[in-house]
Amino acid sequence: MRFFTDKKQQFTVLILLSILFTSFFHLDIIILADETEPENVPWPTAPSIYGASAILIDADSGAVLYANNVHERLYPASITKIMTGLLSIENLSMNDTITYTDDVLNSLPGDASKLGLMSGETTTIHDALYALFLRSANDAAVGLAKKISGSEQAFGELMTERARQIGALDTNFVNSTGLHDDMHYTTAYDMALITRAAMSNSEFSAIWGCQNYTLAATNLSESYRIWHTHSLIVSTSNYYYPAAIGGKTGYTDEAGRTLVTAAQKNGLKLISVIMKSDNEHIFSDTASLLDYGFQNFTRVNIKESETRFGTDSSGIPVIKKLYGSNAKIFSLSGDTILIPASLSLSEIPYTIEFLETPDNNIVASITYEYQGNYLGKASLMMNLSNSSEIPLSKPQKAGNQSGISSSIKETASINIYILAGIIISCLVVGFILFKILRFKHKMAQMKKRRTYK
């Protein structure tokens, strides 16, 4: 630094070098690897769908397997009741009751789908939910909404807020039923997200997948059986789909036919959403879309199938050398993802993002994508079950030092040349800055001497 008489120059060089070095040790790092995709292996060809908008996702990972016009805002009709049911389950006790007043019953159009409840009749929340999903009962929907929020308007606001929490940002609900309102809209993508969130609730899954149900006797009516309106769920229907595990139908003149369906087979759990279709195509298109998913994709376990994090020529996993330890301190999580059945996991490109601060022993996130399609994620973790295995470098700063499952034994690896490249780049930049400033200093000295002459 003796060449830098200017204190500002010295300070600038120090700051730049500090930023370059600390960017590796203190900021998130994204490492791209295996970006070359297999030749002549296109994304599976999907069937032609009549509806204006359609989507098929993996219920476990959220991966989108098929998408057509999925972000267009459309009217949902009665698939709205998926959110109504979810909020009812989250906010009410199943054994609580609703008494249906004239205020509830008279708020509905004469041609709206109803259970046929009478003024003063009382049902349990449990039975109201079965009526909501199996018969699409609008009187049950309004009763549930007013039980929770006091009014349809307040309940609509709660629905929209819950949608935002789920990530459904193109959705605005104003009622619990899906009866037409110009300001009541959503997208196929948002409905897939809402359905995925709802299916994580076991009570929801049990109710919306039931073929038929016997409603208990009330204070004004006897017990009787109701059947699901979703033809893929009912075994006596011409459209019966044995793998179907749940769904919700919808229709208004403005929305056309809308349909949400969940199905499970061969270890896969899929969610289909079709909007603005018609009677002729809605059920057959849904079956075709589900067949496409089951026939063209397979589920793989990351920990068991990932082979690209191997050892170097000496047999030592590279990531161990990077952290200066020969212990089995790193492992892949057991997350599963769907990939095209014609490919192996080793052919799927991935991105590794290192965390600034490890979280619950997780030091990096691995994201898998193929031809721009997100497939899922896995985690790279530190195995700290043995205190002698704790590395001395950055991962030791993790806030949670508790051990992870002893069943996780596989070791992952990362190319050490990445670290070397970053360090060398820092040195080269520092050297260039040093030369530039030294040259400026010499020129200033020469100018000063000429001035004195």
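User: Which residues line the second largest cavity?

Analyst: A cavity is a set of points on a 1 Å grid over the protein atoms alone where a 1.4 Å probe fits but cannot get out, and lining residues have an atom within 4 Å of a point. In this predicted model, local features need pLDDT of at least 70 and side-chain atom pairs 80 or more, while totals for chains, interfaces and linings use all residues. Residues are numbered from 1 along each chain, and side-chain values use heavy atoms, without hydrogens and water. Here the lining consists of Thr249, Gly250, Arg257, Thr258, Leu259, Ile282 and Phe283.

User: How much space lies in the second largest cavity?

Analyst: A volume is the space filled by probe spheres set on the points, joined across faces, edges and corners. For this cavity the value is about 30 Å³.

User: Is Ser365 buried or exposed?

Analyst: Buried means under 20% relative accessible area, exposed over 50%, and partly exposed in between, with a 1.4 Å probe and protein chains only. Ser365 counts as buried because its relative accessibility is 17%. Strand β15 (residues 362-370) holds Ser365; helices (H or I, at least four residues) and strands (E, at least two) are DSSP runs numbered from the N terminus.

User: What is Ser365 in contact with, leaving aside neighbours within four places in sequence?

Analyst: Contact means heavy atoms within 4.5 Å. On that basis Ser365 touches Thr351, Ile352, Glu353, Lys377 and Ala378.

How values were computed
On a 1 Å grid over the protein atoms alone, a cavity is a set of points where a 1.4 Å probe fits but cannot get out, and a pocket is an open set with protein on both sides within 12 Å along at least five of seven lines; lining residues have an atom within 4 Å of a point.
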